[in-house]
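Please walk through this structure with the explanation below. The sequence and the coordinates come up next.

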Amino acid sequence: MADDRERAEILVTGVHKRINDAFQVFDHDLNKTVDVREIGAIVRSLGCFPTEAELLDIIDEVEEPNGFICFERFLPTMSKILMENKFRPIPEDTLLTAFEVLDQQKKGHLEPNELTEYMRQGDEPFTQLEMEEMLSSAVEPDSNLIYYKDFVNMMVLDGER
Amino acid sequence: MGCGMGKAAASLGKKREREHISVPGEYMFNAMRAALLIQRWYRQYAARLEMRRRCTWNIFQSIEYAGEQDQIKLYNFFGYLMEHFTPASSERSLISHIFRENDVVHDTEWERYFCYKSIEVSHGYHGPHLTFPMTFCEASKLVEAFKHKQLLHSRYVLQLLGEAWKLLRILPNINHVSTCHSKEITICGDLHGQLEDLLLVFYKNGLPSSEKPYVFNGDFVDRGKSSMEILLILFAFLLVYPNGVHLNRGNHEDHIVNLRYGFTKEVLGKYRVHGKKILKLLQKMFSWLPLATVIDGKVLVVHGGISDTTDLNVIARMERHKYVSALRPPKSSRRSAGGNRRAPRCTEGGEERNHHGTGARARAPGPGSRHAAHRRSLHSGSAVEEELRQRRQQAGLSQSLQELRRLVSSSSSSDEDDDDADDGNSDPQPRTPERDEWKQMVDLLWSDPMAQDGCQPNQVRGGGCYWGPDVTEEVLGRHHLQLLIRSHECKQDGYEFCHNRRVLTLFSASNYYEVGSNRGAYVRMGPDLVPHFIQYQSSQTCRTLTLRQSIGRTERSALGALREQLFAHKSDLLGAFQHYDPDNTGVISLKHWASAMEGVLKLGLPWRVLRSQLGTSTQDGMLDYREWIQDLVFSEPKHELSNASILETMYRNHSNLETIFRIIDTDHSGSLSFEEFRQTWKLLSAHLKTEVDDDAIADLALSIDFNKDGSIDINEFMEAFRLVALAVPS
């Protein structure tokens, strides 16, 4: 029992440490607050895959009136999310399959305008900037096509750093 | 949630493959879900990239600011020595000359010293020939020449600078500009010797003219390779269009800062014969640069920022050229009526402080003269000496700016006139008008904004303040201004608003930390005073880099810089790790690793987040620290040097060391005698409060003398450090 408790405590401390470190990266003035616009980056860099709507929910919970988020309020909310493993990661093969779904003709690649059409639609469409950035990494310059299998591999590899 | 959706999509995909049934409606629905999944995934990936980019940025910035703080500490240390220490006369003379004030001599005499007329231009010179008075044609010709990497002859340099200096001396402290005549004004931030960026701005925006006025907001020099060329271009256009070009002084327009950050080295390298003279002239010109620009009485443009005490009326009234270096407290302009204070202290006999001097360094005699020599000698009289001896013991050798001010004011109070004495010796920082003025100036050039309200000293840089949004409102309100445009801090997109869009930071040096690290920007503003931004990035290669590649590249560079720091602190790091490993198991936890790193390096970095990039792999959550240090840091120095720990200390402080070298190298010859080297080392170790063995220094000096000619070439010596850095594996 004592062992379990100790293990749980260590686990919690570990989680707190991770949250603190990620928070610190965006805490410019070292005063335990970050701009609300950075929350997406912080939450996601901790390994979570929320939708934009889910992010807004988190922000609603922790935002201060002045547009900042302070660590004291953020820590318990974020700890809960991590401990409950909410917003679980999307496995690599699922991602690959998603691309295959979009590739109707099973060509093995997508055209830039095809991908753009999909990404700029739906409930949470990409902004112009997001689209440009994705295309710049995804499009193979010589053929002007998106070989999504390679793209997925590359993103996953980068993710492991 | 993610798993659920994925399975459905996967199974559906497989099902369709098997059955070859096209189900359009259902497909569209699943395509939507697939798209959502990809969006979610990609956003997560982008956030991780952003995290890496931010960490990289923090590394560069913290190392940069730590360097600035270092510089100020070093400078203050010298100041302290000059004020209170009684070193042997040879040491004193070595460093005394940087504190020499030379404006005793009238400017006309200086003009004679800087005269270009005796300098011949040989037939072998293929660079541009300038004629005066400066015209738009001549100035554009200069730009073209620099585009083709030509060097302007020192004769023309001195002539151009001389003319510009005359103009600067009649400019007010604050430029007042109006947009009504010209419709739009362009404002540029830090350029830091990056000529490609200035050329890019001119290409996109046009050359300066009366119809196309520019404000350049300081930090034209240091770090980049073409500081001289930028200055020459700016001064040339200033001469042609005195109402169309407005220059603000930055914290790098300062000869002391230039010693460390590369401008001094650049000039001496490009102009071997006349470089010293050019530097001296520039030193004066920097002190004559205006401090701020106000547009339409509504927009304040200043290099660093403000503080809660900023008062533009005080700024407008001061004699700005008194502050040759903004880091230095004002010299006292009061003379005592009796006695010649210039007399050297009795113990030093007939030592004259200006024994290095040429005629130009002579001082005008006599009390009551407004520009009489600054007194740096200690006071005679045993009571005062005893007091100073005590203070020396208490104060220690490295000082913060605050402490130095306190010491300077209380030591000089006993021989200055009423102002200080009225405040009494018990007041640690008597607020004289001079001191207020000085603070105003330092605040303008060195401050940074912060998110919280209030105003506090800028500990990170070592000078100026951090000021908050409430201070912005108060100061802008008090002066009936609506916007503050400042520079001084590198921003990823070239510009950034803060304080409810009342403060704009503008930075015009792209790729400042590394190729791809950031864009530069400039601002155009019309009578409506709404800023329009134009961003750019000057390198060819980086335009074709994807975001991911550019982050990767910048990251590698930052990690290289960080590895240098780790190498320099190797022994201390090992010591700190061992402290957490009392049983000598060879492993420590990550938590302890992070604490040790921060304790030694004091860079304020998020070590746990960085650990994967630093190759920190653990087993059971424990790190083999000896192996880690071995892998990360190159342990064999490139050149065999006798004493490894001296090497490490030197390497850690190589910027300081180089700065001290250049200060000591009074004739800018680029080399030091062994004795001078020994003095340098002793000074540095006093500053660092370390003990160094005399024999060890002698051995080291001998082994560094690569030419075996009895002197040490500064550049060769610093080159050895560069080679060490290159050898660190990446």
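In which loop of chain B does Asn500(B) lie? Asn500(B) sits in the loop between β11 (495–498) and β12 (503–506) of chain B. Helices and strands here are DSSP runs, numbered from the N terminus (helices are H or I, at least four residues; strands are E, at least two).

This is a predicted model, in which local features need pLDDT of at least 70, side-chain atom pairs count only at pLDDT 80 or more, and totals for chains, interfaces and linings use all residues. Residues are numbered from 1 along each chain as its sequence is written, chains are lettered from A and ligands numbered from 1 in the order in which they are written, and side-chain values use heavy atoms, with hydrogens and water left out.

Stay with the backbone of chain B. Asn500(B) is not a glycine, yet its phi is positive, near 55°. At 69% relative accessibility, Asn500(B) counts as exposed. The cut-offs are these: buried means under 20% relative accessible area, exposed over 50%, and partly exposed in between (1.4 Å probe, protein chains only). Asp296(B) also has a positive phi, of about 55°, although it is not a glycine. Its place is the loop between β5 (292–295) and β6 (299–301) of chain B. Asp296(B) is partly exposed, because its relative accessibility is 28%.

A cis peptide bond comes next. It runs from Phe132(B) to Pro133(B), with omega near 5°. Pro133(B) belongs to the loop between α4 (107–113) and α5 (136–147) of chain B.

Now turn to helix packing. Two packed helices are described by the angle between their axes and the distance between the axes. Axes here are lines fitted to C-alpha atoms, for helices over the stretch in contact, and angles run from 0 to 180 degrees between N-to-C directions. In chain B, the axes of α10 (residues 263–270) and α11 (residues 275–288) come within 8 Å and cross at roughly 140°. That makes α10(B) oblique to α11(B). Angles under 35 degrees count as roughly parallel, over 145 as roughly antiparallel, 65 to 115 as roughly perpendicular, and the rest as oblique. The crossing of α10(B) over α11(B) is right-handed. A crossing is left-handed if the near helix is turned anticlockwise from the far one by less than a right angle, and right-handed if clockwise.

Helix α11(B) has another partner. Its axis and that of α6 (residues 154–170) of chain B come within 10 Å and cross at roughly 20°. Helices α6(B) and α11(B) are therefore roughly parallel to each other. Here the crossing is left-handed.

Helix α6 of chain B also holds Leu158(B). Leu158(B) is buried, with a relative accessible area of 1%. Leu158(B) and Cys115(B) are 43 residues apart in sequence and 7.0 Å apart in space, C-alpha to C-alpha. Pro531(B) is part of strand β14 (residues 531–536) of chain B. With a relative accessible area of 17%, Pro531(B) is buried.

Chain A has eight helices and four strands. Along the sequence they follow the pattern α-β-α-α-β-α-α-α-α-β-β-α. Of the 161 residues in chain A, 44% are buried.

Charged pairs come next. Side chains of opposite charge can pair when their charged atoms come close. A salt bridge is a side-chain nitrogen of Lys or Arg within 4 Å of a carboxyl oxygen of Asp or Glu. The structure holds 25 salt bridges over all chains. One of them joins Glu52(A) and Arg44(A), at 2.8 Å from N to O. Glu52(A) is partly exposed at 27% relative accessible area, whereas Arg44(A) is buried at 6%. Glu64(A) and Arg73(A) form another, with the closest N and O atoms 3.5 Å apart.

In chain B, Asp443(B) pairs with Lys439(B), the closest N and O atoms being 2.7 Å apart. Both lie in helix α16 (residues 433–446) of chain B, four residues apart, about one turn of the helix. Asp443(B) is buried at 3% relative accessibility, while Lys439(B) is partly exposed at 24%. Salt bridges that share partners also join Glu38(A), Glu50(B), Arg53(B) and Arg54(B) into one network.
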